[in-house]
Amino acid sequence: MPDKTPKAVDLAVIGSGPGGYRAAVLGALRGLSVVIIEKAEWGGCCLNRGCVPKKAWYHTARLVASQSRFADRGLEGRLSARMDQAWIHQRSVVERIRNSYQDYLHHLKVATLTGHARFQDSHTLVVATQDDEHTVAARHIIIATGAHSHVPAPFKAVPGRVLTSDMLFDAPPPPGDRVAMIGSGVVATEFAFIFSQMGKEVTWLARSAMLRRLNFSRPALSALRDALSARGVTLQSGVTFDSVEVHDDGVTLGLAGDKTVTVDWVCLGTGRIPHTEGLALEAAGVETDEAGFVRRDGHLRTTADTVYAIGDVASHWMTANHALSDATVAIQNILTGNTRQQDAGQVPVVVYSALELARLGLDEDTAEDAGHEPAVGFAAFETSPCALGQDDTAGFVRLIADMDTAALLGGEITGAQAGELIHLLSLAPDRETALAWIARGRFNHPARAEEVLNAVETLAGKWGLRESIFGTGICTRG
Ligand SMILES: Cc1cc2nc3c(=O)[nH]c(=O)nc-3n(C[C@H](O)[C@H](O)[C@H](O)COP(=O)(O)OP(=O)(O)OC[C@H]3O[C@@H](n4cnc5c(N)ncnc54)[C@H](O)[C@@H]3O)c2cc1C
Ligand SMILES: NC(=O)c1ccc[n+]([C@@H]2O[C@H](COP(=O)([O-])OP(=O)(O)OC[C@H]3O[C@@H](n4cnc5c(N)ncnc54)[C@H](O)[C@@H]3O)[C@@H](O)[C@H]2O)c1
C-alpha cells in the first residue's frame, strides 16, 4: 500500500466517477477520513467516455449547426468540423480535468488507491493493485462502480468497425463518413446529431421510438424531431437487426425484410449494464436485483447496513446528475444516521441534441396518477427578446403545478441552454414555495431565463394561483 494510504478509514469509496469522486470530496470536506479506490482511469465514464468529452463534441456540433443562420446576420464563410481533430481536442479537455480532480483529492487529503476493490466483509475491502493486495477497513463503504456498455446480439464490438460509446473515446475515430447509429435512447439521440454536424452521413436505426424511457412531453419530442430533421437526421424506428457482417470495406447490417445497410462503421447506443463483477458483494451481504442493479433503500443504503450504493450501479436513471445527487444524499445519511431520502425524480435529466431537452419531476400524467390536479404554465422562446436576437427561438418552458397548493410538481425546458435553465427549477428551496421563489427573483434582461418567470406568471394569471405565487397585495376588482 502506498505510504499515505491508511489501513482504517471512516469512509472507503469504490469508483471515481462523478458519484464516487463527489462522495469522497464531500466526505472529506465534512471531516471524514476517506480513501477512494479506482481500477481504471480516474474520473469514471462521465469524465473519460461520457458527459465531458460528449459535451466538448456537442459544443463543436452546435457551432457548426449555428451557421444556418449566418447569412441573415451578415456573417460569411462556411464551418466544417474534422472529427479526428475534435477527438484530440476532447482528449486534452479530459486530461486537464482529470489532473484537476486528482489535485483536489490530494488537497483535501483524500487517500487514493489505484486497483481493483472487492469485499471481504461489510467493513473491509481487499484491493488488488498492480503489484500487491491490500486490506482497508472502513466504518462505511460506498459502492460507485458505474456501468458498462451493453452489446446486444447480433452485434459484437469490433474496434474500428462496431463501436460502443466507450470505444468511441478510447481510440481516434475510424476513417469513413458513412455511420450507422443504433438505438433510440439518449446516447443515440445525442450522437446522431453530433456525427451529422461533424460531416458524417448518419443512418439512424432503432427498435423503438426516440427517448421512450424519459417522459418528455409530446411537444418536446416533436420539437426535437423537427430540429433533427432540419439537419437531415431522421430516426428509422421499428427496425429488427438480423445480422451484422464486418468486412474489409465496412459493415453490412441485415435488417428484417431482407433489407441491408452498408456503412463504414457503426456506433451502438444500446444501453448500459450495472458494473458489479469481481466485487464479491455476497461477502458483505449486499444484494442485487433481477436487472443486476445493487439493491438499496430510499436512504441509498444497501442490504448491508454499513454499505451505500450510488450512481449507475444502483439506479436505472444512469446519469451523472443522479450519481452526483446520490453522493450528496449518501454522505448526509452517513453523517446523520439516515435522515435524508433520495427523490430521484427531482434530479434534472438533460438531452443534448439538435435541441436541448431538460426536465425534472412529474409530467401531467404522472401528476394525475399521484392524485394531483395539474395546472400548466407555458412560455415559448419565439417571443423572447434574447432568443430573437440569437436567431434561436425554438423551444419553450412548461411548468406543472398543483392547482390546490401551487406546488411545483415538475418542469420541462426545451431549446438552447435548457440544460442551464433547468437549474432555476432544481435549485428552488422546496417544491411548495418554488413558484413564489421564482416570481420574487431578480432576472437579467434580455435573458432566456425570463421565460421561466413568464411561465410562472401564466400559472398565476390563467389558473388562479395569484395569491400563492405573489403572496398578499393582490388587487381584486369586483
Ligand atoms: C456517451 C455518454 C454520454 C453521457 N453524457 C451524460 C451527460 O451529458 N450528462 C449526464 O448526466 N450523464 C451522462 N452520461 C451518463 C454518465 O456518464 C454516468 O451516469 C455516470 O458516469 C455514472 O457515474 P458513476 O459514478 O455511477 O459511475 P462511473 O462514471 O461509471 O464510474 C465508475 C468507476 O468505478 C470504477 N470501478 C468499477 N469497479 C471497480 C472496482 N471493483 N474497484 C475499483 N474501481 C472500480 C470504474 O473503473 C469507473 O471508473 C453519459 C454516458 C455516456 C455513455
Ligand atoms: N445526457 C445524459 O444524461 C446522458 C447522455 C448519454 C447517456 N446517458 C445515460 O447512459 C445510459 C445509456 O444510454 P443509452 O442511450 O445507450 O441507453 P438507453 O437505455 O437510453 O437506450 C438503449 C437503446 O438501445 C435499444 N436496444 C436495447 N437492446 C436492444 C437490442 N437487443 N436490439 C436493438 N436495440 C436495442 C433500446 O431500444 C434503446 O433505444 C442511459 O441510461 C442514459 O441515461 C445519459
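The questions and answers below go through these topics in turn.

Author: This is a predicted model, in which local features need pLDDT of at least 70 and side-chain atom pairs count only at pLDDT 80 or more, while totals for chains, interfaces and linings use all residues. Residues are numbered from 1 along each chain as its sequence is written, chains are lettered from A and ligands numbered from 1 in the order in which they are written, and side-chain values use heavy atoms, with hydrogens and water left out.

Reader: How many disulfides does a search of the whole structure find?
Author: A disulfide is a covalent bond between the sulfur atoms of two cysteines. Here it is taken as a pair of cysteine sulfur atoms within 2.5 Å. Cys46 and Cys51 form such a pair, with their sulfur atoms 2.5 Å apart. The search of the whole structure finds one disulfide.

Reader: Why is the disulfide of Cys46 and Cys51 left-handed?
Author: The answer lies in the torsion about the S-S bond. The disulfide of Cys46 and Cys51 is left-handed because that torsion is about -135°.

Reader: Is Cys46 buried or exposed?
Author: Buried means under 20% relative accessible area, exposed over 50%, and partly exposed in between, with a 1.4 Å probe and protein chains only. The areas come from the Shrake-Rupley method with a 1.4 Å probe, and for residues only the protein chains shown count as cover. Cys51 has a relative accessible area of 29% and is partly exposed. Cys46 has a relative accessible area of 14%, so Cys46 is buried.

Reader: Which cysteine sulfur is nearest to that of Cys45?
Author: Cys45 is partly exposed, with a relative accessible area of 29%. Cys45 is in no disulfide, and the nearest cysteine sulfur is 6.5 Å away, that of Cys51.

Reader: Which residues come nearest to ligand 2?
Author: A residue is near a molecule or strand if one of its heavy atoms lies within 4 Å of it. There are 20 residues around ligand 2. Those that come nearest are Ser184, Val187, Arg213, Gly271 and Val350.

Reader: How far is a polar side-chain atom of Arg213 from an oxygen atom of ligand 2?
Author: A polar backbone atom of Gly185 is 3.4 Å from an oxygen atom of ligand 2. A backbone N or O atom of Gly269 also lies 3.4 Å from an oxygen atom of ligand 2. For the polar side-chain atom of Arg213, the distance to an oxygen atom of ligand 2 is 2.9 Å.

Reader: How much of ligand 2 does the protein bury?
Author: Taken alone, ligand 2 exposes 850 Å². Of that area, the protein buries 82%.

Reader: Which element gives the most to the shell around ligand 2?
Author: Helices (H or I, at least four residues) and strands (E, at least two) are DSSP runs, numbered from the N terminus. Two elements give two or more residues to this shell, strand 18 (349-352) and helix 6 (186-197). The one that gives the most, with three residues, is helix 6.

Reader: How much of ligand 1 does the protein bury?
Author: Ligand 1 is surrounded by 39 residues, the closest being Gly19, Glu38, Lys54, Asp312 and Ala320. Polar backbone atoms of Gly19 and of Ala320 are each 2.9 Å from an oxygen atom of ligand 1. Taken alone, ligand 1 exposes 1,000 Å², and the share that the protein buries is 93%.

Reader: Which helix gives the most to the shell around ligand 1?
Author: The elements that give two or more residues to this shell include helix 1 (18-29), helix 2 (44-49), helix 3 (51-65) and helix 8 (320-336). With four residues, the one that gives the most is helix 2.

Reader: Which side chain does a polar contact join to that of His322?
Author: His322 has its place in helix 8 and is buried, with a relative accessible area of 2%. A polar contact is a pair of N or O atoms within 3.5 Å; within protein, one must be able to donate a hydrogen and the other to accept it, and residues adjacent in sequence count only if both atoms are side-chain atoms. The contact of His322 is 2.7 Å, and it joins the side chain of Thr319.

Reader: How far apart in space are Leu32 and Leu335?
Author: Leu32 is in the loop between helix 1 and strand 2, and at 11% relative accessibility Leu32 counts as buried. Leu32 and Leu335 are 303 residues apart in sequence. In space, C-alpha to C-alpha, they are 8.9 Å apart.
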